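Look through the sequence and the structure below.

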Amino acid sequence: MRAMLLTVALPALALVAAAPAFALSDALVTRDGDTLIVRWTSNRPVDVRVSPAPDAAARTASLVSAGDADGEHRLAAPAGQRLYVLLQERGTRQWQRVAERVLPLEAGSNFRDLGGYPAAGGKHVRWGLIYRSAGQPLLTPADQASIARLGLANLVDLRSAEERRLAPTRIQNIRYNAVGYSMAALMPVASGTANATPIRNGSTLYRGFPALLAPHLKLVFDRLLGDSGALAFNCSAGQDRTGFVSAMILSALGVPRDVIMADYTLSTQLRRPEYEMPRIDPALAANDPVARLFAGYQTPQMARPTPLVEADGTPFLAGAFAEIEAKYGSVDAYLAREAGLTAARRKALMAAYLE
């Protein structure tokens, strides 16, 4: 397993699990090889408890450090082991649950937990229930075992039929969900030729997502509300289509827009493109425009992730929000009309996925 020190930088707002008046804040879990590093800020001693269960109560979690006052604790945790940390501030009722945001996979890309973000009513998104990812065509047996321990009930594949054919997932033994569409929706193919224009870039691409991905969103919310167990969803890079669907889920849960944008832009540092698509055979690329497109991304000059922002720094995702607000007035109205997320269903979603 690759040794790594991974620090995911997000605004402090994205990491606190209590109201701003509380003292305990800025909790973060990072990994250095087989060690988890838990850091926090508090003006009181903190009890550190650990559990493999994302919803464990303090009384069932193991106490690993009592009255810890230095703001840091280190835990032994092999990369295939996922732990959830509860920090309880002594003398108050304040507590915070934190975990690694990114799954440390050997041959995976951009696979991460959407838990921990501040949401509606002073609550936070539950850890261990909603995962976003890039494609998973090259997962190792160790990766497959790590993902199997997440308790996934559903995988929703946001990719086109062509992408799913070129790079089938290696996540096994869970319900697989997809909505059929052609890559031509993103990469127009010239009629009667094998030529294809590049995928449209920036906010222009994203303005098409609310229409293109409405059926996928309905499927995602149906699975979130209808099945027990965690859900994962992905596209090829885990940044564009996956970024839009993540933004809609977090919006439905009342996560602030700036936190959503911060989560979205993490993909640039968390992608590992070499594991998102198998190496494309030149013979296949010669006669398949979609294969040729992805073969182009495998050249050295194209294989490095680039920032997901316009020249002026505006995230591409802003284009999708602008399209929704221009056409529907609000994200809530869009989700109700196009994804079936009525007020009652949104209330049920919050009850299930916030704590």
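Which helices are included in what covers the buried residues of helix 12?

## Helix 12

This is a predicted model. The cover over the buried residues of helix 12 includes helix 4 (209–212), helix 5 (214–226), helix 6 (241–252), helix 7 (257–265) and helix 11 (317–328).

Helix 12 spans residues 331–338. Its buried residues are V331, Y334 and L335. A general rule applies here: an α-helix has 3.6 residues a turn, so residues three or four places apart point the same way. After helix 12 comes G340. The phi of G340 is positive, near 70°.

## Helix 1

Helix 1 covers residues 141–148. D143, S146 and I147 are buried there. Viewed down the axis of helix 1, these buried residues fall within an arc of 95°, so they too line one face.

P141 and A148 are exposed, on the other side of helix 1. Strand 11 (152–157) is included in what covers the buried residues of helix 1.

## The second largest pocket

The second largest pocket holds about 210 Å³ of space. It is lined by 16 residues. Closest to the pocket centre are R82, Y84, S146, R149 and L150. One of these, S146, is also a buried residue of helix 1.

What is the make-up of the lining of the second largest pocket? It divides into 8 nonpolar, 4 polar and 4 charged residues.

How values were computed:
Residues numbered from 1 in each chain as written. Predicted model: local features only at pLDDT ≥ 70, side-chain atom pairs only at ≥ 80, totals over all residues. Heavy atoms only, no water. Buried < 20%, exposed > 50% of the residue type's maximum accessible area, 1.4 Å probe, protein only. Helix = DSSP H or I, 4+ residues; strand = E, 2+ residues; numbered from the N terminus. Contact = heavy atoms within 4.5 Å. 1 Å grid on protein atoms, 1.4 Å probe; cavity = no way out; pocket = protein on both sides within 12 Å on 5 of 7 lines; lining within 4 Å. Points joined across faces, edges and corners; volume = space filled by probe spheres on them. Nonpolar A, V, L, I, M, F, W, Y, C, P; charged D, E, K, R; others polar. Arc of directions from axis to C-beta.
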